[in-house]
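Thank you all for coming; I would like to walk you through one structure this morning, going from the whole chain down to single residues.

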Amino acid sequence: MSMQVPLRPAWLALAKHVRSVRHRHLRDLFAADPERFDQFSLRHGPLLLDYSKQRLVAETLNLLRQLAEQAGWRTWMERMRAGEAINHTEDRAVRHVDLRAGPAAPPEVKAVLERIRLFCDQIHDGRWRGFSGERITDVVNIGIGGSDLGPRMAVHALAAFEQPDIRVHFVANLDSADLASTLGRLNPRSTLFIVASKTFTTLETMANAHTARRWVLAAANDERAIARHFVAASTNLAATAEFGIAPENVFEFWDWVGGRFSLWSAIGLPIALAVGFRHFEQLLAGAHDIDEHFFNAPADGNLPLTMALIALWNTNFLDAHSHGVFPYSHSLALLPSHLQQLEMESNGKRANRDGLAVDYPTNPILWGEAGTNGQHSFFQLLHQGGALVASDFIAVGRSDFPLPGHHSGLLANCLAQSSALAFGQTTEEARAAGIAEHLLPFRRFPGNQPSTTLMLPELTPFTLGQLIALYEHKVFCLGVLWNLNSFDQWGVELGKQLAGRLAPCIRNEAASDTLDASTRGLIDYLRQQRI
């Protein structure tokens with residue numbers, strides 16, 4: 001067992017310190033410090049991070065920052081910036097920040113961005129036409145994982161900025177219902193497909209791409225039509241050429257771009273098509289703004305580091321192994337899905353950087369739902385279920401789709417929920433409110449659920465870029481604190497390998513007698529259904 005992280009002096013000090021903090025209620029912490037909000041909140045420009053409802057005190061933060069120094073967070077940050085292969089299991093650098101570096105971006109990044117700009121111009125001004133001469137009205141991104149979740153989330157988030165004459169769709173699932181239901185609404189003569197796969201071999205993506213290819217050919221009856229209706233974000237030029245995609249329509253990205261950090265690259269092409277290249281540039285600029293903040297801000301004013309330290313405190317010392325993300329913005333409804341991959345695929349690991357098993361919890365289970373929907377379902381468990389769940393509330397000061405009377409009510413609910421989770425309601429308060437005695441046990445809310453509230457002034461491409469980059473750097477810091485490689489994902493591979501072996505068995509093309517009894521029985525059932 002590796003004990004490197006727990007044996008750091010600050011970790012041991014935190015393990016002792018938590019005994020004096022664990023049972024303190026947020027009610028008491030606020031009562032003892034009228035200036036608690038000022039002490040436990042940070043700003044970066046108009047962004048506000050309020051962590052005063054976290055169950056910590058000044059000494060907690062001091063010890064956590066000592067832990068960050070002992071873990072060498074700045075050294076690791078500089079190694080990442082210098083292009084070292086900090087993804088050591090794949091011998092790769094981690095350079096997604098270079099994708100949004102603006103004038104300081106590498107020449108190869110600038111070249112691809114310029115190609116994306118020119119391509120978007122052709123689509124938006126109608127110069128790019130389908131095989132029958134019709135202009136493109138619909139774009140379908142075919143990808144999965146990082147080639148789907150990030151762009152899908154961003155396109156949904158920026159709906160207020162979408163181009164009026166282009167509709168962007170996403171297909172990821174191998175289940176044919178995903179692709180079939182999408183194609184059923186589209187016209188093959190005016191639909192463009194983006195095949196997003198670095199290797200151009202991803203099973204789900206290529207199955208969907210080949211079905212879409214047949215759909216176009218059924219209408220065009222001419223192989224040359226493929227070049228007018230398919231482009232790719234890939235590095236495998238041989239495979240894309242065999243598919244029928246012209247080399248000039250393959251947008252490159254590099255092995256130093258991890259999938260869940262790739263929306264800033266050519267994988268972001270559907271974003272640029274959906275909202276226009278100018279707005280895509282603003283998305284990159286917002287992320288770059290947070291990059292510069294992260295690289296240069298001191299520990300006590302660094303938003304991503306602070307978010308990471310709070311997450312570690314909740315996970316490893318308060319034993320909160322579930323983390324909810326609740327954006328009070330319908331446009332950000334897909335953010336929890338993106339963050340699930342970003343955080344759990346990055347740090348959901350039990351082997352440290354030395355290959356030794358860790359004996360402490362790493363990433364909590366991350367989940368979430370847009371407010372106010374969640375209040376009418378799972379918030380009951382948060383208020384009275386007894387499990388400790390840490391939360392992030394995300395709110396936007398001005399609505400991106402303003403309608404009279406809506407936004408103030410939405411924000412009121414956001415603030416009310418974080419307050420109710422923190423402070424609850426005592427039996428005495430319920431009695432004072434006139435609750436009947438026999439109902440008092442049902443109207444008591446323990447509170448003391450920790451939460452952070454992140455406020456954005458408005459939801460724009462720039463602030464969305466800031467928001468995503470905040471969480472990316474939080475993930476990086478947690479990897480350093482837990483001594484993990486946050487940039488590989490070997491756990492994803494085992495299921496893929498097994499699926500490749502089982503598919504022929506299900507089709508009755510291979511024997512299943514070497515499989516376990518459960519899998520064998522399930523395959524027998526499926527064979528009987530004549531799949």
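Predicted model: local features only at pLDDT ≥ 70, side-chain atom pairs only at ≥ 80, totals over all residues.

**From the whole chain to single residues**

Let me begin with the contacts, where contact means heavy atoms within 4.5 Å: residues 24 or more positions apart account for 75% of the contacts in the protein with a separation of 6 or more. Residues are numbered from 1 along each chain as its sequence is written, and side-chain values use heavy atoms, with hydrogens and water left out.

The protein has 21 helices and 11 strands, which are DSSP runs numbered from the N terminus, with helices being H or I of at least four residues and strands being E of at least two. The radius of gyration of the protein is 25 Å, close to the 24 Å that the globule rule gives for 531 residues, so the protein is as compact as a globular protein of that length. That radius is taken over C-alpha atoms, and the globule rule is 2.2 Å times the number of residues to the power 0.38. Along the principal axes, the C-alpha atoms of the protein fill a box of roughly 75 × 60 × 55 Å.

How many of the residues count as buried? Of the 531 residues, 53% do, where buried means under 20% relative accessible area, exposed means over 50%, and partly exposed lies in between, with a 1.4 Å probe and protein chains only. The protein exposes about 22600 Å², of which carbon and sulfur atoms supply 54%; these areas come from the Shrake-Rupley method with a 1.4 Å probe, and for residues only the protein chains shown count as cover.

Six strands form an open sheet with mixed pairing, in the order 1-2-11-10-8-9, and two strands are said to pair if DSSP finds at least two bridges between them. Strand 1 (41-44) and strand 9 (365-368) stand at the edges with a single partner strand each, so one side of each is left without a neighbour in the sheet. From one strand to the next, the twist averages 15°; for angles in general here, axes are lines fitted to C-alpha atoms, for helices over the stretch in contact, and angles run from 0 to 180 degrees between N-to-C directions.

Strand 8 (residues 322-328) and strand 9 run parallel and are joined by four bridges. Within this pair, H323 stands opposite L366 in strand 9, and S322 has I365 as its bridge partner. Helix 17 (residues 407-423), in turn, touches strand 8, strand 10 and strand 11, and its direction makes about 155° with that of strand 10.

Is strand 8 mostly covered or uncovered? Strand 8 is mostly covered, since seven of its seven residues are buried: S322, G324, F326 and Y328 point one way, whereas H323, V325 and P327 point the other way. In strand 11 we find S451, which is buried with a relative accessible area of 1%. Leaving aside neighbours within four places in sequence, S451 is in contact with D50, K53, Q54, S391, F393 and S418.

Next, a pair of helices. The axes of helix 20 (residues 491-506) and helix 21 (residues 517-528) come within 10 Å and cross at roughly 45°. The two helices are therefore oblique to each other, given that angles under 35 degrees count as roughly parallel, over 145 as roughly antiparallel, 65 to 115 as roughly perpendicular and the rest as oblique. Their contact is made by L502, C505 and I506 of helix 20 and by T519, I523, L526 and R527 of helix 21.

I will finish with some backbone details in the loops. A cis peptide bond, with omega of about 10°, joins G371 and T372, and T372 is found in the loop between strand 9 and helix 16 (379-384). F200, in the loop between strand 5 (191-196) and helix 9 (203-220), has a phi near 60°, a positive value in a residue other than glycine, and F200 is buried at 5% relative accessible area.
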